[in-house]
Amino acid sequence: KHVQELRAGIEESLTKKQLKALEEPVERYTQGSWIDFEEWHCSMASTAARLAVLATGDVGSVLDAIKKRDPVLVGVPLANPQARREAFSTSSLATDLVRFVLDPATVQFWERYVGTP
């Protein structure tokens, strides 16, 4: 019902020429692929981790938080340095964060706006 009301409102507010012009783009949109929610979720988690590092300046704490939430790392015995290294290397979230922190643009941003890395 809500969709029908929305459609009626749009049809009332647009001319026939405007409606005709919208048909093709709307058809393309509705027939196209929808958002990839898994990719979106991964991107949001990565962005959150990057912002956490920028806000706190504490890479270790952010990696610790990732360790507690990333399904790849949960339950992995991290007392063994080699097991820890292998586990973190398989975590796309952790490796993305490390690449971000080591990226020259991030280092330059940090030096310019925050202080010495």
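Okay, let's start with a question: which side chain has a polar atom 3.3 Å from the backbone nitrogen of Gly-60? The side chain is that of Asp-58. Before I go on, bear in mind that this is a predicted model.

So, let's stay with Asp-58 for a moment. Asp-58 sits in the loop between α3 and α4. As for accessibility, Asp-58 has a relative value of 33%, so we call it partly exposed. And if you want a sense of the distances here, take Gly-32: it is 26 residues from Asp-58 in sequence, and the two C-alpha atoms are 41 Å apart.

On to another aspartate, Asp-70. You'll find Asp-70 in the loop between α4, residues 59-69, and α5, residues 81-90. Is Asp-70 buried or exposed? It comes out at 9% relative accessibility, and anything under 20% goes down as buried, so Asp-70 is buried. Which residues does Asp-70 touch, once we set aside neighbours within four places in sequence? Those are Ser-91 and Leu-93. Arg-112, on the other hand, is 42 residues from Asp-70 along the chain, with 31 Å between their C-alpha atoms.

Thr-47 belongs to helix α3, residues 37-56, and at 39% relative accessibility Thr-47 is partly exposed.

Two packed helices are described by the angle between their axes and the distance between the axes. Here α6 covers residues 92-102 and α7 covers residues 104-114; the axes come within 5 Å and cross at roughly 60°. That makes α6 and α7 oblique to each other. On the α6 side, the residues that meet α7 are Phe-100, Val-101 and Leu-102, and on the α7 side we have Pro-104, Thr-106 and Val-107. By type, the residues of that contact are five nonpolar, one polar and no charged.

Thr-106 lies in α7 and has 12% relative accessibility, so Thr-106 is buried. Skipping neighbours within four places in sequence, Thr-106 has contacts with Phe-100 and Val-101.

What happens at the two ends of α7? At the start of α7, a side-chain oxygen of Asp-103 comes to within 2.7 Å of the backbone nitrogen of Ala-105. Just after α7, Gly-115 has a positive phi of about 145°.

Last topic: aromatics. How many aromatic pairs does a search of the whole structure find? One. The rings are those of Phe-109 and Tyr-113, with centres 5.0 Å apart and planes at 45°, so we call the pair tilted. Both residues are in α7, four residues apart, which is about one turn of the helix. An α-helix has 3.6 residues a turn, so residues three or four places apart point the same way. On accessibility, Phe-109 is partly exposed at 37% relative accessible area, while Tyr-113 is exposed at 55%.

That's my tour; happy to take questions.

Technical notes. Residues numbered from 1 in each chain as written. Predicted model: local features only at pLDDT ≥ 70, side-chain atom pairs only at ≥ 80, totals over all residues. Heavy atoms only, no water. Axes fitted to C-alpha atoms, helices over the stretch in contact; angles between N-to-C directions. Parallel < 35°, antiparallel > 145°, perpendicular 65-115°, else oblique. Contact = heavy atoms within 4.5 Å. Nonpolar A, V, L, I, M, F, W, Y, C, P; charged D, E, K, R; others polar. Phe/Tyr/Trp six-rings, centres within 6.5 Å; stacked < 30°, edge-to-face > 60°. Buried < 20%, exposed > 50% of the residue type's maximum accessible area, 1.4 Å probe, protein only. Polar contact = N/O pair within 3.5 Å; in protein donor to acceptor, adjacent residues only side chain to side chain.
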